[in-house]
Amino acid sequence: MFRTFFHQSKNLVCCAVLGWLFLAAGLPAQDWHVSPFPAEDNLTGVVFHSPDTGYIVTATGKIARTTDTGQNWRGIDITNVPLEDIYLDNATDMYVCGARGCVYKSVDGGRTWKYRPIPDTAVTLLSIKRLSPHSLVALGLKPDSARRNMGSGWRSTDDGLTW
């Protein structure tokens, strides 16, 4: 009997908490609005380093930057390869990664980019992160001989110069 009461009480508490979260989450959503973006494209990654300044990468190799909380975006084409993720070290140093093992690095807030690919162009890199002051890791998927995607990981110990 105690077990049944406990499970019923737990279910009621869970429902109450979920209901409160649903209502609380719905209130701020009333302020959402559509922001113009400089390309008709699938957005695949986003990161903000402050409430005002953020970056988006797209499935056609574009990067866009906002400096006004996302109300306006200015885009640049850096590749024709789909990009999947963007990682910021700080306000000026950042990395993007994507299909065909591509990795790009910027040290000037995204104005210019240097190509730093991994050696395997069959890999689609989905995420890139810093491990330590000079060490990065890039994770992705690579098709195997049976045309299945297998996980693939790459590490650089020289800020992405070599993998």
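**View 1. Two aromatic pairs occur in the structure.** The model is predicted. A pair of aromatic rings is described by the distance of the centres and the angle of the planes. In one of the pairs, the ring centres of Phe 48 and Trp 73 are 6.3 Å apart. The planes meet at 80°, so this pair is edge-to-face. The cut-off for that class is an angle over 60 degrees.

**View 2. Phe 48 and Trp 73 tie together parts that are 25 residues apart in sequence.** Phe 48 belongs to strand 1, residues 43-48. Trp 73 sits in the loop between strand 3 (62-66) and strand 4 (74-77). Are the two partners buried or exposed? Phe 48 is partly exposed, with a relative accessible area of 38%. Trp 73 has 16% relative accessibility and counts as buried, because buried means under 20%.

**View 3. Tyr 104 and Tyr 115 form a tilted pair.** Their ring centres lie 5.0 Å apart. The planes are at 45°, so the pair is tilted. Tyr 104 is in strand 7 (residues 103-106) and Tyr 115 in strand 8. The two residues are 11 apart, and the pair links distant parts of the chain. Tyr 104 counts as buried at 10% relative accessibility. Tyr 115, in contrast, is partly exposed, with a relative accessible area of 45%.

**View 4. Strand 5 runs antiparallel to strand 6.** Strand 6 spans residues 94-98. How many bridges join strand 5 to strand 6? There are 5. Within this pairing, Leu 88 stands opposite Met 94 of strand 6.

**View 5. Cys 97 and Cys 102 are not bonded to each other.** A search of the whole structure finds 0 disulfides. For Cys 97, the nearest cysteine sulfur is that of Cys 102, 7.1 Å away. For Cys 102, the closest cysteine sulfur is in turn that of Cys 97. Cys 97 is buried, at 0% relative accessibility. Cys 102 is also buried, at 1%.

**View 6. Thr 69 has a positive phi.** The value is near 60°, in a residue other than glycine. Where does Thr 69 lie? Thr 69 is in the loop between strand 3 and strand 4. That loop also holds Trp 73 of the edge-to-face pair. Thr 69 counts as partly exposed, at 43% relative accessibility.

**View 7. Arg 147 also has a positive phi.** Here phi is near 65°, again in a residue other than glycine. Arg 147 is placed in the loop between strand 10 (135-143) and strand 11 (149-156). Arg 147 has 76% relative accessibility and counts as exposed, because the cut-off for exposed is over 50%.

How values were computed:
Residues numbered from 1 in each chain as written. Predicted model: local features only at pLDDT ≥ 70, side-chain atom pairs only at ≥ 80, totals over all residues. Heavy atoms only, no water. Pairing = 2+ DSSP bridges. Helix = DSSP H or I, 4+ residues; strand = E, 2+ residues; numbered from the N terminus. Phe/Tyr/Trp six-rings, centres within 6.5 Å; stacked < 30°, edge-to-face > 60°. Buried < 20%, exposed > 50% of the residue type's maximum accessible area, 1.4 Å probe, protein only. Disulfide = S-S within 2.5 Å.
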